[in-house]
Amino acid sequence: QSEVVGILTERDVVRKFTLLDVEDKLERKVGTIMTRPVSAVLRDKLDEEIQALFINKGIRHFPVLSSESMVLSNVVGFLSVPDFLRQKMTFEKNL
């Protein structure tokens with residue numbers, strides 16, 4: 001099974017890609033600027049895991065896993081903190 005080894009976010013592009021030499025920017029591989037290791041959240045523990053990673057580490061984008069093994073077949077989606085907060089606020093508003 002393929003292991004999830006990194007994630008490429010807008011922040012990676014803005015902070016890292018722009019620092020590369022102009023001559024070879026478009027020749028670089030994604031691995032040059034992607035964030036490693038990946039911090040992921042379990043589908044069954046979204047609330048507590050997203051809040052902990054965002055507050056403690058400032059991580060804003062997460063693969064969502066069906067189980068703890070960091071393999072591609074366990075990735076059920078990707079979630080950003082703004083998406084998460086928007087959904088949470090919508091849910092609470094409709095209670």
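This is a predicted model: local features need pLDDT of at least 70, side-chain atom pairs count only at pLDDT 80 or more; totals for chains, interfaces and linings use all residues.
The side chain of Ser 67 makes a polar contact with the side chain of Asn 74, at 2.9 Å. The salt bridges number 3, and the largest nonpolar core has 8 residues. The largest pocket holds about 250 Å³ of space.

**Ser 67 and the loop between β2 and β3**

- Ser 67 is located in the loop that runs between β2 and β3, the latter spanning residues 75-80.
- With a relative accessible area of 31%, Ser 67 is partly exposed, because that value falls between the limits of 20% for buried and 50% for exposed.
- Apart from neighbours within four places in sequence, the contacts of Ser 67 are Leu 42 and Asn 74; with Asn 74, the side chains are joined by the polar contact at 2.9 Å.
- Ser 67 and Asp 44 are 23 residues apart along the chain, and their C-alpha atoms are separated by 8.8 Å.

**Salt bridges**

- Asp 47 and Lys 88 form a salt bridge in which the closest N and O atoms are 3.5 Å apart.
- Asp 83 is partly exposed, at a relative accessible area of 36%.
- The side chains of Lys 16 and Asp 12 meet in a salt bridge with an N to O distance of 3.3 Å. Lys 16 is partly exposed at 32% relative accessibility, whereas Asp 12 is buried, with a relative accessible area of 3%.

- Ser 80 is part of strand β3.
- The relative accessibility of Ser 80 is 10%; this residue therefore counts as buried, the limit being under 20%.
- A polar contact of 3.0 Å joins the side chain of Ser 80 to the side chain of Asp 83.
- Leaving out neighbours within four places in sequence, Ser 80 is in contact with Arg 60 and His 61.

**Nonpolar cores**

- The largest nonpolar core consists of Val 41, Ile 50, Leu 53, Phe 62, Val 64, Leu 79, Val 81 and Phe 84. At least two residues of this core come from each of α2, β2 (61-65) and α3.
- Leu 79, a member of this core, is in contact with Leu 46, Ile 50, Arg 60, His 61, Phe 62, Val 64 and Phe 84 when neighbours within four places in sequence are set aside.
- A second, separate core has 7 residues, among them Val 4, Ile 7, Val 38 and Ala 40.

**Cis peptide bond**

- The peptide bond between Arg 36 and Pro 37 is cis, with omega at about -10°.
- Pro 37 is located in the loop between α1 (10-15) and β1 (41-42).

**Largest pocket**

- The volume of the largest pocket is about 250 Å³. Its lining comprises 16 residues, of which Thr 9, Arg 11, Thr 35, Ile 59 and Arg 60 are the closest to the pocket centre.
- Helix α1 gives the most to the lining of this pocket, supplying 3 residues.
- Arg 60, one of the residues closest to the centre, is also in contact with Leu 79 and with Ser 80.

**Lys 57 in helix α2**

- Lys 57 is found in helix α2 and is exposed, at 58% relative accessibility.
- Between Lys 57 and Ser 39, the C-alpha to C-alpha distance is 9.7 Å, with a separation of 18 residues in sequence.

Notes: Residues are numbered from 1 along each chain as its sequence is written. Side-chain values use heavy atoms; hydrogens and water are left out. A salt bridge is a side-chain nitrogen of Lys or Arg within 4 Å of a carboxyl oxygen of Asp or Glu. Buried means under 20% relative accessible area, exposed over 50%, partly exposed in between (1.4 Å probe, protein chains only). Helices (H or I, at least four residues) and strands (E, at least two) are DSSP runs, numbered from the N terminus. A nonpolar core is a set of buried Ala, Val, Leu, Ile, Met, Phe, Trp, Tyr and Cys residues joined through side-chain atoms within 4.5 Å. Contact means heavy atoms within 4.5 Å. A polar contact is a pair of N or O atoms within 3.5 Å; within protein, one must be able to donate a hydrogen and the other to accept it, and residues adjacent in sequence count only if both atoms are side-chain atoms. On a 1 Å grid over the protein atoms alone, a cavity is a set of points where a 1.4 Å probe fits but cannot get out, and a pocket is an open set with protein on both sides within 12 Å along at least five of seven lines; lining residues have an atom within 4 Å of a point. Grid points are joined across faces, edges and corners, and a volume is the space filled by probe spheres set on the points.
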